[in-house]
Amino acid sequence: MSEQRLSVVNNVILRIDSVNRTYIDDADNSVEALQEVSLSVKRGEFLSVIGSSGCGKTTLLRLIAGLDTPESGELMLDGEKITQPAPQRGYVFQQGSLFPWLTVEQNIAVGLKARGIYKENKGQVAEYIKLIGLNGFEKSYPHQISGGMAQRVAIARALINNPTILLLDEPMGALDSFTRADIQYKLLELWRKKNITMILVTHDVDEAIYLSDRIVIMTARPGKIKEIIEVKLKHPRDRGKSDFLALRRDILEKLHLASTSPQPEYMI
Amino acid sequence: MNTSSATSFWRSIAVALRLPISTNKSERRQTAGQSIGNKKFILLSVLTVAGFTAAILVNLLFPQFASVKISHYPLLGGMELDINGAYRIVLIALILLYLGIASFSWLDPERRKKFQKRMPFRFVIGLVLALWDVFGTKLLLLPQPFFPGPARIIESFLMESGYIWQNTLYSLRLFLVGFILGVALGVGTGILIGWFHSIYYWVYPVLKITGVIPAVAWMPFALTLFPTPFAAATFLIIICAWFPVASLTASGIAGTPKVHFEVARTLGAKTPYLVFRVAIPHALPNIFTGISTANAFTFTTLVMAEMMGQPGGLGYYINASKVWSAYYKVFAAILVMAVLFSLIMYAIGLIQGRLLRWQKGLVKA
């Protein structure tokens with residue numbers, strides 16, 4: 001009870017408390033995707049999680065979404081324990097997650113329809129289409145639009161539920177750099193306008209620095225948080241400026257060290 | 001008309017007729033891509049019906065050498081019609097049909113192209129009918145009574161169109177009841193098998209084993225078990241439609257990518273939404289593959305069942321006609337089946353195209 005009040009005072013929206021998650025892989029080895037991970041996320045914060053593949057960053061995001069459950073430890077959103085997916089925790093998946101049998105506007109309306117509140121909120125669909133700049137593509141099917149457009153639809157689809165927190169799982173991973181920059185800009189705009197807490201999983205250091213208030217660096221096997229870096233640069237951030245580049249080098253170095261596992265003394 | 005335009009005019013006809021003409025490849029491709037001019041299209045229309053016109057002329061002008069009884073049938077108002085007359089009326093109906101299609105295609109360049117493509121085939125069909133008329137009726141050179149001429153087949157409809165119609169309706173009713181129930185049952189069990197692991201475990205093996213048995217093998221069993229022959233035949237059609245629909249529905253449901261469910265769940269969807277709005281739409285292309293397979297099975301089962309113990313239907317009509325060596329009636333029934341089954345498949349195709357329109361451009365064909 002007192003803890004809960006404390007978290008409100010500190011304006012912590014999400015509290016992750018010594019979470020463990022282990023998988024059994026195809027070769028019957030147990031893989032520690034997350035080991036004793038603790039993290040607090042502030043309300044309205046833009047947080048990025050970065051690390052090499054297999055460091056458990058996607059597992060962490062899935063736990064927050066409620067798509068997966070930890071073996072031990074707990075995750076609390078606004079003082080409530082996370083046990084299953086809920087519309088207030090929006091999730092943007094990697095490429096190709098739109099329903100191919102639904103048009104752009106139908107895809108965006110899924111959240112409203114699934115919750116049975118479509119009729120009274122119909123008008124919102126058009127608003128979100130305008131927000132992501134897809135006017136004229138309402139009736140298009142996902143295979144008829146570009147990858148960048150599809151990801152904007154995926155973001156709008158998650159936002160229409162008015163989530164308090166938006167989880168982004170490498171949503172720009174497969175896009176070309178121009179489209180990526182465009183969506184990053186759009187994402188910042190939405191973040192400021194809607195005042196949503198955002199957690200972004202990425203392997204792109206530039207993207208993390210450009211967007212985030214804080215960057216969580218994770219290491220693999222076992223998946224652990226190595227360091228949390230605060231980004232104090234002012235928006236809009238210039239990717240070519242020296243302080244941006246210095247931070248970039250700093251993080252890359254840390255990631256490099258992070259991915260260096262003890263080398264065997266000889267190889268067979 | 002100057003020489004060069006006249007040449008291109010005749011050349012385009014040769015292309016339409018698929019005649020080997022001396023054009024290089026690029027020129028031919030150009031012709032295929034070009035839209036069809038008015039003059040050319042009128043000529044195409046004339047050529048399309050020319051074969052059927054020839055068939056009419058052959059029927060009128062070719063002397064009747066063999067001794068074939070040309071029966072006359074009374075029409076309304078004291079008029080009479082012989083079988084040759086009826087045959088010519090059918091040909092005229094075909095001519096009017098194709099002229100109708102031609103005028104329907106007049107404004108649409110795409111339809112014009114389609115019409116042009118089918119012209120040679122329709123032309124040749126007319127000639128084949130004329131030949132058949134000559135060898136089957138005029139000269140009677142085809143082995144009788146197995147291969148009657150076209151006029152003789154038309155005679156069946158003059159003799160007993162009411163009875164043929166009655167049998168057609170019987171077949172249609174049997175088909176609709178059995179097929180609709182079979183597909184509904186198939187989709188239902190398919191969803192259950194695809195969704196619940198325990199049902200998959202217990203029911204799927206049964207489906208796999210019983211599904212490979214041709215439905216007509218259950219005939220003796222069905223005829224004793226069910227109160228009426230109609231119910232027995234319905235049962236056979238249901239089980240033959242059920243198997244392919246159920247197994248394909250099940251694989252479509254079970255094959256739904258996990259990410260689709262996860263997306264829906266993060267958006268607030270509960271189980272009914274996941275089943276009806278995620279899994280079933282994903283399985284729909286599969287379901288339609290099952291339905292077309294079931295469709296083909298059903299036609300076979302329907303006719304077999306009718307031949308082996310129904311009081312009516314086109315299969316029954318074939319069997320009853322065969323007993324009297326009335327092979328022209330057998331052909332008449334086959335003709336009706338061809339039309340009826342094509343119409344059914346066309347209707348299913350329309351429904352499929354409507355429900356799966358999102359796939360347009362996503363999949364080949």
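These exercises work through a predicted model of chains A and B.

**Exercise 1. Decide whether A:S48 is buried or exposed, and find what surrounds it.**

Solution. 
- Locate the residue. A:S48 sits in strand β3 (residues 46-51) of chain A.
- Apply the cut-off. A residue is buried if 20 or more other C-beta atoms lie within 10 Å of its own. A:S48 has 26 C-beta neighbours inside 10 Å, so A:S48 counts as buried.
- List the contacts. Setting aside neighbours within four places in sequence, A:S48 is in contact with A:L200, A:T202, A:A208, A:L211, A:S212, A:I215 and A:V216.
- A:P142 is 94 residues from A:S48 along the chain, and their C-alpha atoms are separated by 28 Å.

**Exercise 2. Examine the span and cover of helix α5 (residues 147-159) of chain A.**

Solution. 
- Check the span. α5(A) has 13 residues and reaches 18 Å from first C-alpha to last, close to the 18 Å expected at 1.5 Å a residue.
- Count the buried residues. They make up 11 of the 13, and α5(A) is mostly covered. Among them are A:M149, A:R152, A:V153 and A:R157.
- Identify the cover. It includes β6, α3, α4 (118-131), β7 (165-169) and α6 (177-194) of chain A.

**Exercise 3. Do the same for helix α7 (residues 197-211) of chain B.**

Solution. 
- Check the span. At 1.5 Å a residue, its 15 residues should span 21 Å; the end C-alpha atoms are 20 Å apart, which agrees.
- Look for a bend. α7(B) bends by about 35° at B:V203. A proline, B:P205, follows within four residues.
- Count the buried residues. The count is 0 among 15, and α7(B) is hardly covered.
- Place the helix in the record. An unreviewed UniProt entry lists residues 168-352 of chain B as "domain: ABC transmembrane type-1". That span is 85% helix and 0% strand, with its end C-alpha atoms 25 Å apart.

**Exercise 4. Find which residues touch the most other members of the largest nonpolar core.**

Solution. 
- Start with the core. It holds 147 residues; A:V153, A:I199, B:L236, B:A241 and B:V245 touch the most other members.
- Find the main contributor. Helix α9 (residues 229-254) of chain B gives the most, with 16 residues.
- Zoom in on B:A241. Beyond four places in sequence, B:A241 touches residues including B:G178, B:F179, B:A294 and B:F297.

**Exercise 5. Describe the side of chain A that touches chain B.**

Solution. 
- Count both sides. Chain A gives 21 residues to the contact and chain B gives 15.
- Name the elements. On chain A, β6 (89-92) and α3 (104-114) give two or more residues.
- Sort by class. The chain A side has 12 nonpolar, 6 polar and 3 charged residues.

Key
Residues numbered from 1 in each chain as written. Chains lettered and ligands numbered in written order. Predicted model: local features only at pLDDT ≥ 70, side-chain atom pairs only at ≥ 80, totals over all residues. Expected span 1.5 Å × (residues − 1). Bend = angle between axes of the 7 residues up to and from the residue. Buried ≥ 20, exposed ≤ 12 C-beta atoms within 10 Å, placed from the backbone. UniProt positions renumbered as here; feature names shortened; annotations may be inferred. Core = buried A, V, L, I, M, F, W, Y, C linked by C-beta atoms within 7 Å. Contact = placed C-beta atoms within 7 Å. Nonpolar A, V, L, I, M, F, W, Y, C, P; charged D, E, K, R; others polar.
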